[in-house]
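Take a look at the sequence and the structure, then come back for the notes.

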Number of protein chains: 2
Amino acid sequence: MKDIKQYIEENKERFLEELFELIRIPSISSDSARKGDMLRASEKWKQILLDAGADRAEVMETKGHPVVFGEKKISDDAPTVLVYGHTDVMPVDPLELWNSDPFEPVIKDGKIWARGADDDKGQAFMHAKAFEYLVKTNQLHCNVKFLIEGEEEIGSENLPEFCENNKELLKADVILVSDTTMLAPETPSITSGLRGLAYWQVDVTGPNRDLHSGMFGGAVANPINVLSKMIGGLLDENGKVTVPGFYDDVLEVSTEERELMGRAPFNVEKYKKSIGVEALQGEAGFTSQERTGIRPSFDVCGIWGGYTGEGAKTVLPSKAHAKVSSRLVPHQDHHKIARQFKEYFESIAPEAVKVEVSVLHGGQAYVCPIDIPAYKAAEKAYQESYGIRPVPVRSGGSIPIISTFEQILGIKSVLMGFGLESDAIHSPNENFPLEQFYKGIETIPYFYKYFAAQ
Amino acid sequence: MKDIKQYIEENKERFLEELFELIRIPSISSDSARKGDMLRASEKWKQILLDAGADRAEVMETKGHPVVFGEKKISDDAPTVLVYGHTDVMPVDPLELWNSDPFEPVIKDGKIWARGADDDKGQAFMHAKAFEYLVKTNQLHCNVKFLIEGEEEIGSENLPEFCENNKELLKADVILVSDTTMLAPETPSITSGLRGLAYWQVDVTGPNRDLHSGMFGGAVANPINVLSKMIGGLLDENGKVTVPGFYDDVLEVSTEERELMGRAPFNVEKYKKSIGVEALQGEAGFTSQERTGIRPSFDVCGIWGGYTGEGAKTVLPSKAHAKVSSRLVPHQDHHKIARQFKEYFESIAPEAVKVEVSVLHGGQAYVCPIDIPAYKAAEKAYQESYGIRPVPVRSGGSIPIISTFEQILGIKSVLMGFGLESDAIHSPNENFPLEQFYKGIETIPYFYKYFAAQ
């Protein structure tokens, strides 16, 4: 595969032109007015796969936006790689913060600027071009399947059912995903774990109407006071979640593995400066990286109640609300955690108010053991293209569909991310460095090589 | 004064017609588009006073909405009563909850339904008609002054300066105010105290932007978590405010006086039912009435931060905010309390966030001793019209201007309220029972009689 660099060099302009055609389709899955664009983006992907060398490709219906499936079969004896990506993108508001049209990609400062440049059009498209190279140069020694969905940004709602109904079609030895980041081009990394998620809304109701805080204040429980106290008590002085049983199933990572993880470069001062805080805070006994990587967290995502306008309006409000969430780690089960939290939170409610907890969302954590063949193949691939052995990183984020794949299809995923923290995915001025784009196209064929060789 | 009832009977239709003309002027002081209506309402009041028998009346400018001043002088030897009221009303939103046009009064079920029917057009107008009766029947033995302001509902911002500049003009022996409630027609009461108020906004800033709760959750202090914990700790398990020094100046009411106050009828079950709660909550060692009457309180009036829309959006927000307030009692100084709270709250902020406390508003508490001549005269007046001796009640609410009058003019106020809890002031469908309206007009002349006789 000495010619991969040359292949990229000879085709780089065309790669960009093709990617830009895909980016120009405003496939915002959350916008019901974009249903037609979602279909166009799927049809585009079908064509991309066929052009790249797939035996077949088709747009398949779901209850929501369609899924694109494509494949190339080499041999019954060859291992099968299932590439997962998504063609839908996040909304672009606030539009006035963009320096250029989000759906008209421009190259500037060595980066592609557009919605989807990284997440996930840019990253998924690298797989199409790596595949093209392998096919065109007769170096493909794996069967390849592509699964490109259209609802990742809205929770992959219909993909689990699609998987249930297409287990045979999706059968593979590993799932390959480029939808995450790496630490830096000088420090390549592979995401070896993702946190799970549990998400609730809590509603506290006190009096049946907003009351005069003078006439009633002091004698009637104030829902905001109560909610604050209840939420304030959910983390103890050591930063531990106080819900009984919360840590029961947490996978305790060995001292050895923690030591290995600790070798990933991390500059506390730089980290603090980048987010503008004077000090960090978290669970006692763990480093900042461990707190987001191997430990669960508890965050209030939103809170509201009473008067929030200008100036001083006195009121003893009837209701107070909060959106609260926990990032979970293996082997916490989000259903169990959701139940435990609901039961506990409702149980500590004072008699003077009504407290209702609704479970809004959830996903399981995921871990990719760093000693399985697929991980090893990915490790060697990065080593070959970047010249540095990548470090495994447990990401604090959640991609619920990854654990769903494991549950339904029984297949592990390897998360070969080429995005950078600075790519501003989900934000205005999303971008993707050209160098990462081309490096991704270079790295992926090495994965196939090493994976097929095992 | 045996003829007061007859006078009311003969003129009741005219009284209503005149009041309705005043109510029809939409004098919402907070609405800058209503500046013309505020002036019209003031001009109307000037005419009401002249028609009722004032020697003179005028609309006087302030930096905000005008003040109406009127007077009738009897003799240098007679005591002088200053009647205070306001012609401005609260906004009417949400309009769709009104059963009739808020500015087109209707009589239904024995009540006047309109914005201002009670607060304070209806109640202040009773004084004009009581005054008219005394003048027309030659039974007025006090000098009378009227001060009708236009900014009570927006904090009487310009009235203190008006008082400073017009001390001689406003000189009086007592200020008479009908802008409060009484317990019930079967249980007349006089408000003998008002709570003060301190009001702050607290702003908590964590990271310099909203963060991904997966990538950062657990390692970075969440401003909502922090704010909740800080606010949650402001009331201890006994319902006491934990700000150091908060209770230092609280006037401890004697066991004897508490016993007397405890005689005011209060049905806990009815109270709970009326506001729709299963249980009450407050400072240990005090009854519900004491908690709102003689004890300070701490209420969060509003809270906001992060994602508050539909569904489950994960975010570790940059900021969290709350509007918090304390009702104060004699002799807590609102300036001192404001400072104490700010210092304490900022001092308990963890290093990982920035906490800023802004003082938004404040007012001193007020107490009217129940043994001064003016209070005694009011007591006898209610006794005569209602046939029952009224009980003194410490109201939980605040009318900051009342303590300002005492500070600037050196005059005590007597709060002869005829409103009922059910009058829905500040809410849709404000109303005022006709019986209370006429009973007010009957009671006020008795006050003048007994006050002049002392």
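The notes below go from the overall build to a few local details.

Keep in mind that this is a predicted model. Chain A has 13 helices and 16 strands, and it is divided into domain 1 (4-194 + 365-453) and domain 2 (196-250 + 296-362). Chain A also meets chain B, in a contact that takes 68 residues from chain A and 68 residues from chain B.

**Overall build of chain A**

- The C-alpha atoms of chain A fill a box of roughly 80 × 50 × 45 Å along the principal axes.
- A compact globule with 454 residues would have a radius of gyration near 22 Å, and the 24 Å of chain A agrees with that.
- Of the 454 residues in chain A, 53% count as buried.
- Take the contacts in chain A with a separation of 6 or more: residues 24 or more positions apart account for 78% of them.

**The two domains of chain A**

- The C-alpha centres of domain 1 and domain 2 of chain A lie 38 Å apart.
- Where these domains touch, six residues come from domain 1 of chain A and seven residues from domain 2 of chain A.
- On the domain 1 side of that contact, the residues divide into three nonpolar, three polar and no charged.

**Where chain A meets chain B**

- By type, the chain A side divides into 28 nonpolar, 29 polar and eleven charged residues.
- β10(A) is also joined to strand β10 (residues 297-306) of chain B by five bridges, and these two strands run antiparallel.
- To see one of the pairings, look at A:Gly302, whose bridge partner in β10(B) is B:Gly306.

**A helix of chain B to look at**

- Helix α6 (residues 223-232) of chain B is largely enclosed by the rest of the structure, because eight of its ten residues are buried.
- The buried residues of α6(B) are B:Pro223, B:Ile224, B:Asn225, B:Val226, B:Leu227, B:Ser228, B:Met230 and B:Ile231.
- What do the buried residues of α6(B) pack against? On the chain A side there are α6 and β10, and in chain B there are β9 (196-205), β10, β11 (319-328) and α10 (334-347).

**The nonpolar core**

- In soluble globular proteins, nonpolar side chains tend to be buried together.
- The largest nonpolar core here has 236 residues, and those touching the most other members are A:Val81, A:Ala378, A:Phe447, B:Val81, B:Ala378 and B:Phe447.
- Leaving out residues up to four places away in sequence, B:Phe447 touches B:Leu176, B:Ala377, B:Ala378, B:Ala381 and B:Met416.

- A cis peptide bond joins A:Asp93 and A:Pro94, with omega at about -10 degrees. A:Pro94 sits in the loop between β3 (80-86) and β4 (106-108) of chain A.
- There is also a cis peptide bond between A:Pro330 and A:His331, where omega is about 0 degrees. Look for A:His331 in the loop between β11 and α10 (334-347) of chain A.
- A:Ala424 is not a glycine, yet its phi is positive, at about 55 degrees. You'll find A:Ala424 in the loop between β15 (413-415) and β16 (431-433) of chain A.
- A:Asn429 is not a glycine either, and has a positive phi of about 60 degrees. The loop between β15 and β16 of chain A holds A:Asn429.
- Is A:Ala424 buried or partly exposed? A:Ala424 has 16 other C-beta atoms within 10 Å, so it counts as partly exposed.
- A:Asn429 is partly exposed, with 16 other C-beta atoms within 10 Å.

**One residue up close: A:Tyr344**

- A:Tyr344 lies in helix α10 of chain A, and counts as partly exposed with 17 C-beta neighbours inside 10 Å.
- Setting aside neighbours within four places in sequence, A:Tyr344 is in contact with A:Val243 and A:Pro244.
- A:Tyr344 and A:Leu234 are 110 residues apart along the chain, and their C-alpha atoms are separated by 10 Å.

Technical notes:
Residues numbered from 1 in each chain as written. Chains lettered and ligands numbered in written order. Predicted model: local features only at pLDDT ≥ 70, side-chain atom pairs only at ≥ 80, totals over all residues. Contact = placed C-beta atoms within 7 Å. Nonpolar A, V, L, I, M, F, W, Y, C, P; charged D, E, K, R; others polar. Pairing = 2+ DSSP bridges. Helix = DSSP H or I, 4+ residues; strand = E, 2+ residues; numbered from the N terminus. Core = buried A, V, L, I, M, F, W, Y, C linked by C-beta atoms within 7 Å. Buried ≥ 20, exposed ≤ 12 C-beta atoms within 10 Å, placed from the backbone. Rg over C-alpha atoms; globule rule 2.2 N^0.38 Å. Domains from an automatic or database assignment.
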